[in-house]
Amino acid sequence: MREFDVIVAGGGPAGSLSALNLCGSGFRVALFEEHQSAGFPVQCAGLVSSDCLKVLERFVDTDRCLLNRIKGAYFFAPDGDCVRVEGKSKAAVVERKILDLELLKSASSVADVFVKEKILSVDKRNEKNSYVLKTNRQNCSSFYVVGADGVYSTVAKCLNFERPRILSAAQIECKFECMDEKYVELYFGRKYSNFLFCYAVPTGDGFARVGAVSGNNAVYWLNGLLREHPSVSRRVEETKTSELNCGAIPFGLIDFVKGNAVLIGDSAGMVKPYTGGGIYYTAVAAKCLGKHFPDLEAFKESYLKALEKEYAVGYRIARLYRVLSDEDYSYLIKLARGIEFEELHMDKPTSALKALPALLKLLKNPKLSLKIARCLF
Ligand SMILES: Cc1cc2nc3c(=O)[nH]c(=O)nc-3n(C[C@H](O)[C@H](O)[C@H](O)COP(=O)(O)OP(=O)(O)OC[C@H]3O[C@@H](n4cnc5c(N)ncnc54)[C@H](O)[C@@H]3O)c2cc1C
């Protein structure tokens, strides 16, 4: 049986970034990816903040996967009215197939990478106090395990980790007349999602990734957006669709350290609860892991210290989406035109709280003020 110090399950961003950050720790790391390549099938709009892009640039040439640069967002009420917002953070749209492949290539320079090798089971410990992992090709053992094997993590199941709630996501890549190709579009309202929202992320050349994130059956909500939304339905050319992707997004960070095993990325629910974006929060975790390894409790503490407040506010914002009525959205979008959002940062929901006093001052609707205050505080 082959022995390693650390086995990383999964070669997506979480797995590759974990292996890359563990480089230099002096431990022998092996990474197992079930597919020939990572990032396939693609289940991502590819929107990342400039801060996230900078983190990725430490390991790969991000120009290779860059599709578009983004300056801000249009926020839409269900009636089609919208407001354009430019915050502090800029963003980029990346091609995940290429990003994941480049990250995995970099990881293979610091770790033993095994592709087309699926981890089938993880047993607690053998007599040497190591984990025993069975793949479709071999048995191996390691003292530490990193479960970066996505939302339906085998590592998490085998080691009895708590599981996050699963949201449904669906997206098409299609011809789309964007408001402006440098701005993403977010569509709110109960007609279009029963949990988060729908979106359009421009990839350039008149195309966009148009998708829905909901509590269940995202295809149903996406169809509603494409056919019934007063603004989207006139701008989308569904006949010119190149891809349809359906996927799952975890909701809720779980306790991600148990013995000498850790979960990173979607397996641990490391996504922004108010958007479903996971790459940045995962990159932060991989950096903390590399910094503190093998002290896994210190890793956990430093990750929570870095993002605990953001998660807390993020959950409250996600709850607000479900509490607001379609009329509330229309009212808020109108009010938002009078507010400066220059502090807004897409990875830091706490930055949204800075615009709140101005919003509450403008609100002449006590019922709505109370709804917002109850949700956010
Ligand atoms: C429709 C959609 C749109 C999204 N848009 C964005 C966005 O715009 N921006 C953003 O930041 N995030 C976005 N996300 C979330 C983002 O895609 C995830 O958070 C991110 O991919 C998580 O990375 P990961 O490495 O944890 O998991 P994954 O990317 O799922 O990678 C897990 C890897 O593990 C491998 N694996 C699984 N099981 C095993 C096993 N037993 N053995 C070996 N290998 C295994 C898989 O093949 C895979 O390569 C989106 C998600 C969806 C569904």
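Residues are numbered from 1 along each chain as its sequence is written, and side-chain values use heavy atoms, with hydrogens and water left out. Because the model is predicted, local features need pLDDT of at least 70 and side-chain atom pairs count only at pLDDT 80 or more, whereas totals for chains, interfaces and linings use all residues.

Helices and strands are DSSP runs numbered from the N terminus, with helices (H or I) of at least four residues and strands (E) of at least two. A residue is called buried under 20% relative accessible area, exposed over 50%, and partly exposed in between, for a 1.4 Å probe and protein chains only. Contact means heavy atoms within 4.5 Å.

Helix 9, which spans residues 326-336, is mostly covered, eight of its 11 residues being buried. Leaving aside neighbours within four places in sequence, Asp328 is in contact with Val323, Leu368 and Lys371. With the side chain of Lys371, the Asp328 side chain makes a polar contact at 2.5 Å; such a contact is a pair of N or O atoms within 3.5 Å in which, within protein, one must be able to donate a hydrogen and the other to accept it, and residues adjacent in sequence count only if both atoms are side-chain atoms.

A nonpolar core is taken as a set of buried Ala, Val, Leu, Ile, Met, Phe, Trp, Tyr and Cys residues joined through side-chain atoms within 4.5 Å. The largest such core has 113 residues, and those with the most contacts inside it are Leu289, Phe299, Tyr303 and Ile372. Helix 8 gives the most to this core, contributing 10 residues. When residues up to four places away in sequence are not counted, Ile372 touches Leu320, Leu324, Leu332, Leu356 and Leu363.

Two strands are said to pair if DSSP finds at least two bridges between them. Strand 14 (residues 198-204) is mostly covered, with seven of its seven residues buried. Strand 13 (residues 183-187) runs antiparallel to strand 14 and is joined to it by three bridges, with Tyr187 standing opposite Cys198. Strand 14 also pairs in the antiparallel sense with strand 15 (residues 207-214), over six bridges, and here Pro202 stands opposite Ala208. The hairpin of strand 14 and strand 15 has two residues between the strands, and Asp205 takes a positive phi near 55° in it.

An open sheet is formed by three strands in the order 3-7-4, with antiparallel pairing. Strand 3 (47-49) and strand 4 (66-70) stand at the edges with a single partner strand each, so one side of each is left without a neighbour in the sheet. Neighbouring strands of this sheet are turned by 30° against each other on average, direction ignored. Strand 4 and strand 7 (residues 91-94) run antiparallel and are joined by four bridges, and Ala92 in strand 7 is the bridge partner of Arg69. Helix 2 (residues 50-57) lies across strand 3, strand 4 and strand 7, running at about 90° to strand 3; axes are lines fitted to C-alpha atoms, for helices over the stretch in contact, and angles run from 0 to 180 degrees between N-to-C directions.

With a disulfide defined as a pair of cysteine sulfur atoms within 2.5 Å, the count comes to zero. For Cys23, the nearest cysteine sulfur is that of Cys288, 17 Å away, and Cys23 is partly exposed at a relative accessible area of 42%. Cys198 is likewise in no disulfide, the nearest cysteine sulfur being that of Cys174 at 12 Å, but Cys198 counts as buried at 0% relative accessibility.

Glu243 is found in strand 16 (residues 236-251) and counts as partly exposed at 25% relative accessibility. Glu243 and Gln171 are 72 residues apart in sequence and 8.0 Å apart in space, C-alpha to C-alpha. Beyond neighbours within four places in sequence, Glu243 is in contact with Lys97, Gln171, Ile172 and Glu173, and its side chain makes a polar contact with the side chain of Lys97 at 3.4 Å.
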